[in-house]
Amino acid sequence: MSTKTKQFNEIIKAEAKNLNFYYGDFHALKGLDFKVSEKKVTALIGPSGCGKTTFLRCFNRMHDLYPNNRYEGEILMYPDEINIVGDNIDPIEVRMRISMVFQKPNPFPKTIYENVAYGLRVRGIRGKDIIDERVEKSLRGAALWDEVKDRLHEHAFNMSGGQQQRLCIARALATDPEILLFDEPTSALDPIATSKVEELIVELKKVLTILIVTHNMQQAARISDYTAFMYVGELVEFGDTDTIFTAPTQKLTEEYITGRFG
Amino acid sequence: MKKKIFSKRYIIETMIEGSLMLSAVFSIFITLGIIFVLCYESLEFFKEIPIKDFLTGTVWTPLFANPQFGILPLVAGTLLTTAVAVSVALPIGLITAIYLSEYAPHKFRETVKPILELLEAVPTVVYGYFALLFLTPLLQKVFENLSGFNALSPGLIMGIMIVPYVGSVSEDALKAVPMHIREGSYAMGATKLQTAFKVLIPSAFSGIAAAFIMGISRAIGETMIVAIAAGMMPNFTANPMEPIQTLTSYIVQVSLGDLPHGTIEYKTIFAAGIVLFIMTLSFNIIGFWLKKRIREAY
């Protein structure tokens with residue numbers, strides 16, 4: 001792997017060190033070393049099956065939901081330097097701090113208000129005033145407040161796809177995560193909804209660290225500060241987004257971003 | 001090409017097709033026939049007994065010298081045993097479903113679910129005697145005022161009988177909730193229990209409700225257990241300690257006797273039958289409608 005970044009003078013929020021991941025016998029991630037800068041957007045790109053989503057899902061231990069999955073190595077989260085894929089770390093503790101927005105909008109069968117309040121209720125937060133305030137703040141944070149403030153108690157399924165996805169972002173924001181993971185968050189959305197979500201991601205990096213998997217290279221170029229190119233479970237190249245898209249050092253990266261495969 | 005209408009193959013094909021169609025519509029005709037007889041005979045009954053007295057009367061003594069035809073004691077008995085059964089079957093069935101769908105290891109689930117479904121193959125007469133000869137004496141040690149025949153014991157046993165059904169159908173509904181909904185909940189830091197109760201049950205609501213309603217419908221229609229263990233005594237009460245009679249067990253009782261056709265006593269069977277039929281049919285329709293809605297949720 002080649003690395004050419006200005007990361008050395010930034011605060012590192014998380015760091016993968018020789019991370020390996022196995023689906024049963026299948027070796028899906030091969031010795032990844034990778035740094036995530038705080039309050040920046042880091043994009044993971046690569047052809048289908050390259051392991052970018054697998055890698056993303058390591059960050060909030062989604063793989064623990066299925067049997068026979070195994071992590072090796074570490075992903076350290078700073079400042080407290082816990083190994084979030086360590087056997088001794090409770091996945092729920094990790095998910096309390098690192099939240100995720102999925103490819104397909106997945107609101108719960110509840111009202112808009114209750115969807116956003118979900119994470120708070122799960123954490124045992126009671127008190128209508130606190131929850132009201134956090135719901136409003138999160139919906140504002142997800143640029144959804146003005147559209148839904150008069151119908152907070154309507155069912156979330158009545159919203160459009162783009163609104164549902166921003167609702168899922170609001171839901172993730174409500175609990176003040178340190179890192180927010182996005183797994184191709186716009187692949188199910190139309191261009192207008194997509195640009196809203198993209199603007200939102202750029203806005204959100206002021207307050208938190210973002211990791212995003214995307215199939216759309218223009219999207220990575222538009223919104224990310226750093227880009228990692230992955231191929232068959234390995235990290236091929238990592239660097240400033242500008243550098244990766246204008247002067248990649250690896251031939252594979254160049255072929256991929258110029259559309260010769262993928 | 002000219003069609004050879006009288007070829008041997010054509011005749012055989014037509015005959016096969018016809019007999020297949022006949023077997024398909026056979027059961028429908030039988031059902032329609034039953035409904036027709038039920039309606040016809042009960043209309044005869046209501047010619048003699050005003051429907052208002054039938055539906056509001058609180059004494060059911062059609063076989064006495066001075067007969068009274070108030071259906072309410074039988075309806076009360078049916079609802080009472082059903083309520084006892086449902087209060088056992090719904091919680092246990094739902095907990096079973098949650099355990100099997102969300103907690104149990106794959107292998108355990110694949111082993112236990114067929115066994116659970118096998119429980120439905122136990123003849124109800126066995127359950128009936130189990131209620132009468134085992135559960136009632138056991139309960140009498142706790143509740144001293146419990147009659148030898150009562151609504152409680154057969155109700156509980158009926159509940160246990162329905163658990164596999166409610167559990168199995170609810171489990172199917174929970175399993176049908178797409179994985180990305182579960183992942184959404186886990187990603188928020190929820191535990192399994194929180195995910196099950198706050199997200200999965202609401203998501204699978206129509207399926208679980210269908211399971212509940214079909215379960216209730218089976219409890220209403222259950223005959224053997226209550227006929228054996230509940231006491232055959234029409235009793236307008238809400239006290240499960242007392243002997244009662246359900247619509248179904250009344251029908252059994254009268255059918256076993258040798259009442260002459262055409263008498264008013266004979267026609268009571270059909271009057272009770274149509275009440276029972278309307279009760280179970282309406283629950284089944286609601287259940288069917290809810291079940292159809294499962295797939296529309298996502």
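Colleague: What makes the pair D132(A) and K128(A) a salt bridge?

Modeller: The closest N and O atoms of that pair are 2.9 Å apart. A salt bridge needs a side-chain nitrogen of Lys or Arg within 4 Å of a carboxyl oxygen of Asp or Glu, so the pair qualifies. Bear in mind that this is a predicted model, where local features need pLDDT of at least 70, side-chain atom pairs count only at pLDDT 80 or more, and totals for chains, interfaces and linings use all residues. As for bookkeeping, residues are numbered from 1 along each chain as its sequence is written, chains are lettered from A and ligands numbered from 1 in the order written, and side-chain values use heavy atoms, leaving out hydrogens and water.

Colleague: Where do D132(A) and K128(A) sit?

Modeller: Both are in helix 4 (residues 128-141) of chain A, four residues apart, about one turn of the helix. Helices here are DSSP runs (H or I, at least four residues; strands are E, at least two), numbered from the N terminus. An α-helix has 3.6 residues a turn, so residues three or four places apart point the same way.

Colleague: How many salt bridges does the structure hold over all chains?

Modeller: There are 25. One of them joins E48(B) and K267(B), at 3.1 Å from N to O. That pair links distant parts of chain B: E48(B) is in helix 1 (residues 8-48) and K267(B) in helix 12 (residues 264-293), 219 residues apart.

Colleague: Why is K267(B) called buried?

Modeller: Because its relative accessibility is 7%, which falls under the limit. E48(B) has 46%, so it counts as partly exposed.

Colleague: What does K267(B) touch, leaving aside neighbours within four places in sequence?

Modeller: K267(B) is in contact with E41(B), E44(B), F45(B), E48(B) and G262(B); contact means heavy atoms within 4.5 Å.

Colleague: Which residues of helix 6 of chain A are buried, and what makes that helix largely enclosed?

Modeller: Of its 13 residues, 12 are buried, so the rest of the structure largely encloses helix 6 of chain A. Among them are L167(A), C168(A) and I169(A). Helix 6 (residues 161-173) also reaches 18 Å from its first C-alpha to its last, close to the 18 Å expected; the expected span is 1.5 Å times one less than the number of residues.

Colleague: What counts as a pocket here?

Modeller: On a 1 Å grid over the protein atoms alone, a pocket is an open set of points with protein on both sides within 12 Å along at least five of seven lines, whereas a cavity is a set where a 1.4 Å probe fits but cannot get out; lining residues have an atom within 4 Å of a point.

Colleague: What volume does the largest pocket have, and which residues are closest to its centre?

Modeller: About 610 Å³, the volume being the space filled by probe spheres set on grid points joined across faces, edges and corners. Of its 21 lining residues, L65(A), Y66(A), P67(A), E102(B) and K192(B) are the closest to the centre.

Colleague: Is E102(B) buried or exposed?

Modeller: E102(B) is buried, and so is R182(B). Their side chains meet in a salt bridge of 2.9 Å, N to O.

Key. Buried < 20%, exposed > 50% of the residue type's maximum accessible area, 1.4 Å probe, protein only.
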